[in-house]
Protein chains: 2
Amino acid sequence: MSAAASLPPASSASATFVEEAVCGSARCGTLKLRHQEVASPIFMPVGTRASVKGVSALQLEGLRARIVLGNTYHLMLRPGAETVAALGGLGRFMGWPGGTLTDSGGYQVFSLAKLSKKTDDGVVFRSHLDGARVELTPERSMEVQRSLNADVAMLFDDCPPGGAPRAEVEAAIRRTDLWGARSLAVEPAAGQHRFGIVQGGRFADLRAAHLETVSSWPVEGVALGGFSVGEPLAETYRLLVELAPKLPRDRPRYLMGMGTPTDLLVAIFAGMDMFDCVLPTRNARNGQALTFGGRLSLKQARHERVDLPLEAECVCETCSRYSRAYLRHLITSGERLGATLLSIHNLNFYQTLMRRARQAIQQGTYTAFARATCERMHADDEVGERSAKPPSVALPF
Amino acid sequence: MSAAASLPPASSASATFVEEAVCGSARCGTLKLRHQEVASPIFMPVGTRASVKGVSALQLEGLRARIVLGNTYHLMLRPGAETVAALGGLGRFMGWPGGTLTDSGGYQVFSLAKLSKKTDDGVVFRSHLDGARVELTPERSMEVQRSLNADVAMLFDDCPPGGAPRAEVEAAIRRTDLWGARSLAVEPAAGQHRFGIVQGGRFADLRAAHLETVSSWPVEGVALGGFSVGEPLAETYRLLVELAPKLPRDRPRYLMGMGTPTDLLVAIFAGMDMFDCVLPTRNARNGQALTFGGRLSLKQARHERVDLPLEAECVCETCSRYSRAYLRHLITSGERLGATLLSIHNLNFYQTLMRRARQAIQQGTYTAFARATCERMHADDEVGERSAKPPSVALPF
């Protein structure tokens with residue numbers, strides 16, 4: 001009894017995820033955070049620098065967003081973890097009463113900073129802001145995340161690039177295990193969950209083995225990392241369908257940093273619960289609106305006098321009040337309100353997608369729902385990119 | 001009786017402004033627009049391109065803003081008056097259910113466009129967007145404004161630069177009269193008010209004479225134009241105090257395009273009712289917050305860990321939720337949310353300033369209120385510009 005009491009919650013009877021319905025491998029349920037419970041599947045808007053670009057906390061509440069992601073790398077450089085801590089932690093700092101999650105900083109060191117050195121000890125890099133020399137170790141990452149005090153902290157991991165050969169991926173896994181153990185030795189903030197990250201690149205056997213390793217750790221959730229880093233989409237979809245069902249059922253399963261609406265439908269089909277991606281806000285800034293009838297490019301002249309909302313059935317603030325013509329005017333005029341209003345719509349689209357997926361799982365109709373939704377989204381898409389065109393890869397449903 | 005019936009409303013018994021209280025020359029009352037009545041004094045946020053920069057219509061409603069200004073010059077070039085008309089006019093186009101006012105376009109042709117030619121007929125200019133040749137005459141301005149269909153349209157005027165010599169100002173007045181008559185010959189939109197503009201530069205006698213001319217026109221309101229165009233502030237204040245009381249009492253008095261909180265307190269003291277200025281939103285984008293204790297520059301390092309709202313007594317969305325530290329972080333990080341949140345606060349500051357001025361007039365304490373407010377604003381100002389420093393010019397109160 002005394003030994004059990006010292007175990008972290010994830011290994012104890014109080015699961016951090018309660019499965020409520022399944023449909024094939026897809027599942028929906030409740031994710032238990034420190035201060036609240038959240039229905040899954042869930043999409044988390046990205047607030048890299050403690051701000052979901054152009055969207056206020058009040059607007060996020062209006063969207064019924066529940067968890068916002070902050071980036072450890074950006075926040076440790078500016079305004080600094082100690083400043084955020086002095087202001088009450090990430091959520092309070094950004095005026096956001098909902099849930100929060102921080103990544104470990106590792107991925108963004110590799111992608112943004114001028115990396116000086118990576119060893120088993122950690123990474124040394126030059127800040128992309130001022131060139132200052134900064135060191136990030138597993139201990140430092142977890143200390144920073146403790147200061148940021150999000151509801152969920154990610155263990156520091158080593159994420160290899162998309163096309164990395166097997167030996168490099170194996171080395172990254174070894175280092176992720178080493179760093180994972182050291183990350184876990186750091187005391188988290190009170191009630192803060194810690195999630196481990198599964199690596200393994202595109203090698204199914206490495207992924208499967210690492211998944212078992214990470215699942216054995218005393219972590220409250222398990223994430224799949226290293227996807228959407230340049231590898232072929234077909235491989236990712238195949239791997240997701242193969243791997244996700246093997247993740248622990250009593251803990252949330254988080255697919256990091258991807259993706260498109262289609263990606264999410266595939267990942268939910270595979271059994272994943274949590275998602276984040278900059279796509280809804282980034283595409284908004286480029287004048288793209290996501291709809292269940294395909295994407296709209298508001299830069300196109302065809303919208304110039306269209307007195308219709310982006311999406312007839314949508315109840316978001318943007319669709320309730322503004323025409324495509326007005327949004328096009330804002331985008332083509334460079335008015336910053338355009339990106340904000342499209343971000344609100346696009347984030348609402350993701351919220352709606354998650355809500356519909358949850359319903360379909362509860363009703364036992366997820367596969368048909370996912371197939372029909374993808375078909376409809378691809379039918380009239382206006383934007384010539386891979387992500388919403390009928391994918392060249394076969395969908396698993 | 002039949003002759004009287006054909007007169008426009010401003011000359012009839014149904015005044016477009018009802019004075020409710022006076023305090024010296026200062027006054028408050030009710031301005032009657034097509035679809036609503038608005039309490040004065042009133043500040044109108046500027047929505048140059050049919051958008052108050054970075055602030056949504058819902059946020060403007062939250063601020064209790066009542067009239068938004070759109071710029072004829074910008075809107076006729078993009079998206080075009082016909083497009084706005086096809087979308088239901090300026091208010092409906094921008095999702096704004098409140099009042100609207102458009103300027104005549106003249107001032108901005110002179111300040112923004114590459115002016116090719118100005119004659120008694122009108123102006124020919126090159127668009128600042130694409131260099132296209134565009135003609136703007138009194139008739140065209142009023143037709144465009146009829147298409148934009150704001151609640152208030154301004155007669156097309158000729159605004160001389162701030163330091164213009166007497167002869168040039170006299171010529172501009174002559175042309176403004178010519179253009180005013182031609183503007184009035186164009187049928188306005190149904191229920192649309194038209195305001196005339198008084199010119200005269202810094203010449204009190206020219207201003208006084210032109211004021212009488214414009215007041216004799218069948219217009220529903222009278223505006224003072226050509227202030228805040230580079231002339232010394234002391235002159236403007238003296239002229240305002242001298243001229244404003246001579247404006248018609250049964251019609252709204254609009255001071256165009258200026259100014260600072262101090263400017264507005266002086267102008268209200270003089271007897272003006274309506275104001276517009278880009279200052280609250282422009283300063284927001286530069287990281288400046290207006291408060292009754294002076295301006296704050298959020299770029300200053302002193303705010304880095306200040307866990308206080310911009311203004312303790314303020315109830316705006318920004319002050320209700322965010323600390324100075326967070327706002328500073330957004331501004332220094334270049335996060336677009338920073339400008340939006342500061343704009344909301346600054347616009348709310350102007351709303352509050354107008355509400356307090358109105359109360360003070362009703363209570364017969366306006367002069368003391370204006371003096372105390374100016375003193376407090378100037379005491380702790382952080383920004384080294386003329387507008388909120390103790391002005392080198394004597395205030396009239």
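**Notes on a loop residue and a domain contact**

1. B:K246 sits in a loop of chain B, between α10 (233-243) and β13 (253-255). The model is a predicted one, and the values below should be read as computed from it.

2. B:K246 is classed as partly exposed because it has 16 C-beta neighbours inside 10 Å; a buried residue would need 20 or more, and an exposed one 12 or fewer.

3. Leaving aside residues up to four places away in sequence, B:K246 touches B:A208 and B:L211. B:L342 is 96 residues from B:K246 along the chain, and the C-alpha atoms of the two are separated by 37 Å.

4. Turning to chain A, the chain is divided into domain 1, covering 16-277, and domain 2, covering 283-379. Taken over C-alpha atoms, the centres of these two domains of chain A are 27 Å apart.

5. The contact between them involves 25 residues of domain 1 of chain A and 24 residues of domain 2 of chain A. On the domain 1 side, at least two residues each come from β1 (17-23), β2 (26-32), β4 (42-44), α2 (57-62) and α11 (261-270) of chain A. Which element gives the most to that side? It is α11(A), with six residues.

6. By residue class, the side of domain 1 of chain A that touches domain 2 of chain A has 17 nonpolar, five polar and three charged residues.

Key:
Residues numbered from 1 in each chain as written. Chains lettered and ligands numbered in written order. Predicted model: local features only at pLDDT ≥ 70, side-chain atom pairs only at ≥ 80, totals over all residues. Helix = DSSP H or I, 4+ residues; strand = E, 2+ residues; numbered from the N terminus. Contact = placed C-beta atoms within 7 Å. Domains from an automatic or database assignment. Nonpolar A, V, L, I, M, F, W, Y, C, P; charged D, E, K, R; others polar.
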